[in-house]
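Here is a friendly walk through one structure, from its strands to its core. Please keep the view open while you read.

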Amino acid sequence: MDVPVWRGHRAGQHMDIRLTAEDGYQAERSYSIASAPENDRVELVVERLDDGEVSPYLTDELRVGDGLELRGPVGGWFAWDAEEGGPLLLVAGGSGIAPLMAMVRHREAAGSDTPVRLLYSSRSYPEIIFRGELETLAAGDGTLEVVHTLTRSRPEGWSGYDRRIDAEMLREVAYQPEERPLAFVCGPTPLVETVATALVELGHDPARVKTERFGPTGG
Amino acid sequence: MDEHRLDGNATAGILEEVFAFEITTARAACVQCGATGEVGAQMAYVTEIGTVLRCSSCDSPLIRIVRQDENPRRYWLDLKGVDYLQFQ
């Protein structure tokens, strides 16, 4: 989208979108920005929830040229700037990839060589958001590692992880606690809580583990 | 699981309407237990009625905010769970 008087954002921040019905009823939801700060346009990732109040409108009804009531960018706590360094441990579930994708893209656009490991849980291969772009970025960059896990169905010959993210997987994929990675975890609440708890149990500094829960309902 | 339970970072939008600075990176001290931590790292309960920020250590309310969307828009801001806010 084009946002008038855009003041720029930091990778990881979100926008609040508010819809107002004809009778005045209002619903507001937060959506993470997936585009890099270096990009002119703002890209959000919206997952359609059948019983949602906002996402069905955004995915089914909204047309090019329509206006939206926005607030943001907000949420500087869950944000990363290339100057902060790393290494960066990114853990995503489903559309929780959005703010982490902004960080990956920002790192690329800023020419940063901060090592990044992205552990990304999706239900199935076709449901991996940004699959092609992540492949391309990782192929040309030895310091960006992308590890997928597919929880519901796998393509034939899949040799990657095939279960929900657990402590064992994090022990294999995450940096050692001594490397003091900066961790950003985003996804549904159960995934975020499992990952945050496991990272701390593995010895990571809780102050360096930042979480963004969707909640089970989302929008 | 409480469906309204999110990270404090989720309160950034509503709190930015009343605080003129980036509040989620400010540190808040809890009146009840004395723990300090960044606002974004506390627990948030975001509902249609209002938003409550709770201490991630002892679960006491730190900040409660209610917005009434009539014209003029009004806010109720309850900060009595916060001993102090520290920000840059």
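How many residues lie between strand 5 of chain B and strand 6 of chain B in their hairpin, and which residue in the turn has a positive phi? The hairpin has 6 residues between its strands, and D59(B) is the turn residue with a positive phi, about 70°.

## Ground rules

This is a predicted model, in which local features need pLDDT of at least 70, side-chain atom pairs count only at pLDDT 80 or more, and totals for chains, interfaces and linings use all residues. Residues are numbered from 1 along each chain as its sequence is written, while chains are lettered from A and ligands numbered from 1 in the order in which they are written.

Helices (H or I, at least four residues) and strands (E, at least two) are DSSP runs, numbered from the N terminus. Two strands are said to pair if DSSP finds at least two bridges between them.

## Hairpins in chain B

Let us stay with chain B for a moment. Strand 5 (residues 51-54) and strand 6 (residues 61-68) of chain B pair in the antiparallel sense, over 4 bridges. To find this pairing in the view, look for T51(B), whose bridge partner in strand 6 of chain B is I65(B).

Strand 6 of chain B also pairs with strand 7 (residues 74-78) of chain B, again antiparallel, over 5 bridges. These two strands form a hairpin with 5 residues between them, and Q68(B) stands opposite R74(B) of strand 7 of chain B.

## The three-stranded sheet of chain A

In chain A, 3 strands form an open antiparallel sheet in the order 2-1-3. Strand 2 (26-32) and strand 3 of chain A are the edge strands, each pairing on one side only. Neighbouring strands of this sheet are turned by 20° against each other on average, direction ignored; the axes behind this angle are lines fitted to C-alpha atoms (for helices over the stretch in contact), and angles run from 0 to 180 degrees between N-to-C directions.

Strand 1 (residues 14-20) of chain A pairs with strand 3 of chain A over 4 bridges, in the antiparallel sense. Within this pair, I17(A) stands opposite L70(A) of strand 3 of chain A. Strand 3 of chain A (residues 69-74) also holds P73(A), which is joined to G72(A) by a cis peptide bond with omega of about 5°.

## Backbone details in the loops

A cis peptide bond also runs from G86(A) to P87(A), with omega near 0°. P87(A) sits in the loop between strand 3 and strand 4 (88-93) of chain A.

Two residues other than glycine have a positive phi: F130(A), near 65°, and R180(A), near 45°. F130(A) belongs to the loop between strand 5 (116-122) and helix 3 (131-139) of chain A, and R180(A) to the loop between helix 4 (167-173) and strand 7 (182-187) of chain A. Are these residues buried or exposed? A residue is buried if 20 or more other C-beta atoms, placed from the backbone, lie within 10 Å of its own, exposed if 12 or fewer, and partly exposed in between. F130(A) is buried because 20 other C-beta atoms lie within 10 Å, whereas R180(A) counts as exposed because it has 12 C-beta neighbours inside 10 Å.

The domain assignment, an automatic or database one, gives domain 1 (14-74) and domain 2 (82-213) of chain A. Contact here (C-beta atoms, placed from the backbone, within 7 Å) links 10 residues of domain 1 of chain A with 10 residues of domain 2 of chain A.

The largest nonpolar core has 65 residues; such a core is a set of buried Ala, Val, Leu, Ile, Met, Phe, Trp, Tyr and Cys residues joined through C-beta atoms within 7 Å. Helix 2 (residues 97-109) of chain A gives the most to this core, with 7 residues. Both domains of chain A give residues to this core, so it lies between them. Among the residues with the most contacts inside the core is F184(A), and the residues that F184(A) touches include F78(A), W80(A), L90(A), L100(A) and M103(A), not counting residues up to four places away in sequence.

## Where the chains meet

The contact between the chains takes 17 residues from chain A and 19 residues from chain B. On the side of chain A that touches chain B, strand 2, strand 3 and strand 8 (209-213) of chain A are the elements that give two or more residues.

Note on methods:
Contact = placed C-beta atoms within 7 Å.
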